[in-house]
Amino acid sequence: MTAKQNPLVVGLDITGTFIFAIEGALAGIQANLDLLGVLVLGFSTALVGGIIRDVLIGAVPPNALRDWRYTTLAISGGALTFICYHLVVEVPRIALLSLDAAGLAIFAVAGTEKSLDLGISPLIATMMGTITAVGGGMVRDVLLAHIPSVLRTDIYATAALFGSIILVLLRKLGVRPKPAAFFGFLGCFSLRMVAIHLHWHLPSMPPVLG
Amino acid sequence: MTAKQNPLVVGLDITGTFIFAIEGALAGIQANLDLLGVLVLGFSTALVGGIIRDVLIGAVPPNALRDWRYTTLAISGGALTFICYHLVVEVPRIALLSLDAAGLAIFAVAGTEKSLDLGISPLIATMMGTITAVGGGMVRDVLLAHIPSVLRTDIYATAALFGSIILVLLRKLGVRPKPAAFFGFLGCFSLRMVAIHLHWHLPSMPPVLG
Amino acid sequence: MTAKQNPLVVGLDITGTFIFAIEGALAGIQANLDLLGVLVLGFSTALVGGIIRDVLIGAVPPNALRDWRYTTLAISGGALTFICYHLVVEVPRIALLSLDAAGLAIFAVAGTEKSLDLGISPLIATMMGTITAVGGGMVRDVLLAHIPSVLRTDIYATAALFGSIILVLLRKLGVRPKPAAFFGFLGCFSLRMVAIHLHWHLPSMPPVLG
């Protein structure tokens, strides 16, 4: 059921978990949730993407639940954000967006890598990477009774998918896991940051045809 | 884990997937989502019902993710709808409702059939058929931050349940899979169409008692 | 896959299921859903917490779906509430809150107990107990397009967690299952009732720091 943990996946997962827990907690505070709600939103944003991935690929109980460090980390990130809220909100918006892009890229790469490790086909591995990266944020938005922002704003899930595809293609070409993961990360992170700076959007007005 | 695919299930699933992807994409366009959001809504409406079923009956990774044709089909249906939106909206409402009823009946039958194939008990198989048929649409509505329409409009999930029960009863009586699936389809489709034409509703005002 | 059912878990589960089905159905009626919607909300509130737990710990098909008694019970509870709505709404608010606290405590204990039975680690077992207790209500609120009330109101999930922790600690100290479950129940129920009477809340305004 559970492959021996790849240390690359573990290291990436831990960093991404902390970043996303902070973001989820921020969203919870801004929606006036109480402490528990804030912690649940931090936990969901950080870990539910990976939990969905693990349930879909049959790796249950999901790693985020089996390994107490993930839970502890997500809850610490949320609690820290709650306590230091007035400091966190003074962080410039571009720094938060950059951290978020890093978390996105990390989770896309870690989710793809884990799926490949378990023998999942490359096409599905890229989808699993994307779900790992954006699933937690979608659940956070659903819990806040919003349309998930990933469904209507610029290049976000697209960047995660792009990074996952780079990783898979490089692995197919015989590149070793660490450099492949690095370029996957770089691809996702760069596309996301460029899209933010240049205000790139996916089309949303359907073209008239015929 | 994964039974050899029943060709009847595969054929039905493919048709239903395409119909539901179009519908989901339409809902996404009408909610002003961008291209990715439209594709995700098409994918969710078409495939998430079956994915939930597969997770619940332990057939992971779900077939919709393991077989690249489903993903390709759902995404093509969504993309086509996006590109040809101005044509699709001119399709008369009754044609869309009929297609939707056909998709509903197909998924109810395919979901029930697959559960029976995996040795699930008949009672649960009818529930799995119903979830397959309406689960994708419910997730679509949740993503759009709506109360799922299936919970408050007329005879919809009821028709799916009805078709599933017909299939299970006929199989119990010794009818062979293909005719049983046909009559299950017919039962669901007919009930849904009659309910639309006659404006049948389930009761929603609670009767006064005592 | 499926451990022999612990009779303690079964007895508790059945009582909690009925209480939560009534509550879910009430929420459905108040949101003007039709009969099917009311039954689905009763079913979801009563059984989805346990289904999520079973999917996460790999006990699929979930017990709530494998054992027809749970489905029958949840649907009967919902139907009864629909038929007797005018009687149910005359029940004093404090009686409903007490019943709800009892259901919460029962599900927290039953979910923790089942996870321990399956060899899940104690830390995760307490989370599974809490999810069992509050997961159904969260899904109910999401289906009604609300922010789950558990995320922003007083001591609710906290009470479930508290009861689960008591049970786990007592088991660690060598207490036998029945008394451990009893004290877990008592801890959750008492904390919830005291919190209601004294209007205890978790903090929601972040303290200024530094």
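**Exercise 1. Describe the surroundings of R192(B), starting from the backbone oxygen that its side chain reaches.**

Solution. The side chain of R192(B) comes to 3.1 Å from the backbone oxygen of I155(B). This is a predicted model, in which local features need pLDDT of at least 70 and side-chain atom pairs count only at pLDDT 80 or more, while totals for chains, interfaces and linings use all residues; side-chain values use heavy atoms, without hydrogens and water. Residues are numbered from 1 along each chain as its sequence is written, and chains are lettered from A and ligands numbered from 1 in the order in which they are written.

R192(B) belongs to helix α9 of chain B, residues 177-197 (helices are DSSP runs of H or I with at least four residues, numbered from the N terminus).

Is R192(B) buried or exposed? Its relative accessibility is 6%, so R192(B) counts as buried (under 20% relative accessible area, with a 1.4 Å probe and protein chains only).

Last, list the contacts (heavy atoms within 4.5 Å). With neighbours within four places in sequence left aside, R192(B) touches L97(B), D100(B), A101(B), L104(B), D154(B), I155(B), Y156(B) and A159(B).

**Exercise 2. Characterise the interface of chain A and chain B.**

Solution. Begin with extent. Chain A contributes 30 residues to the contact and chain B 28 residues. About 2400 Å² is buried between the two chains, 76% of it on carbon and sulfur atoms (buried area is the accessible area, with a 1.4 Å probe, that two parts lose on being put together, summed over both).

Then count the polar links. There are 0 salt bridges between chain A and chain B (a side-chain nitrogen of Lys or Arg within 4 Å of a carboxyl oxygen of Asp or Glu). Polar contact is found for 1 residue pair, both at pLDDT 80 or more (N or O atoms within 3.5 Å; within protein, one able to donate a hydrogen and the other to accept it, and residues adjacent in sequence count only if both atoms are side-chain atoms).

Which elements give two or more residues to this side of chain A? They are α2 (35-56), α7 (122-143) and α8 (157-172) of chain A. Of these, α7(A) gives the most, with 6 residues. By class, this side of chain A has 23 nonpolar, 5 polar and 2 charged residues (Ala, Val, Leu, Ile, Met, Phe, Trp, Tyr, Cys and Pro count as nonpolar, Asp, Glu, Lys and Arg as charged, and the others, Gly among them, as polar).

**Exercise 3. Carry out the analysis for chain A and chain C.**

Solution. Here 28 residues of chain A are in contact with 30 residues of chain C. The buried area is about 2300 Å², with 76% from carbon and sulfur atoms. Salt bridges number 0, and 1 residue pair is in polar contact, both at pLDDT 80 or more.

At least two residues each come from α2, α3 (63-66), α4 (68-83), α5 (85-88) and α7 of chain A. The largest share, 8 residues, comes from α2(A). This side of chain A divides into 22 nonpolar, 4 polar and 2 charged residues.

**Exercise 4. Find the relation between chain A and chain C.**

Solution. Chain A is superposed on chain C by a rotation of 120° with 0.0 Å of shift along its axis, at an RMSD of 0.0 Å (least squares on the C-alpha atoms of residues with pLDDT of at least 70 in both). That is the relation of a three-fold axis. The C-alpha of chain A nearest the axis is that of A145(A), at 3.3 Å.

Why do the copies meet through different surfaces? Only 11% of the interface residues of chain A are also interface residues in chain C, so the surfaces differ.

Notes: Buried means under 20% relative accessible area, exposed over 50%, partly exposed in between (1.4 Å probe, protein chains only).
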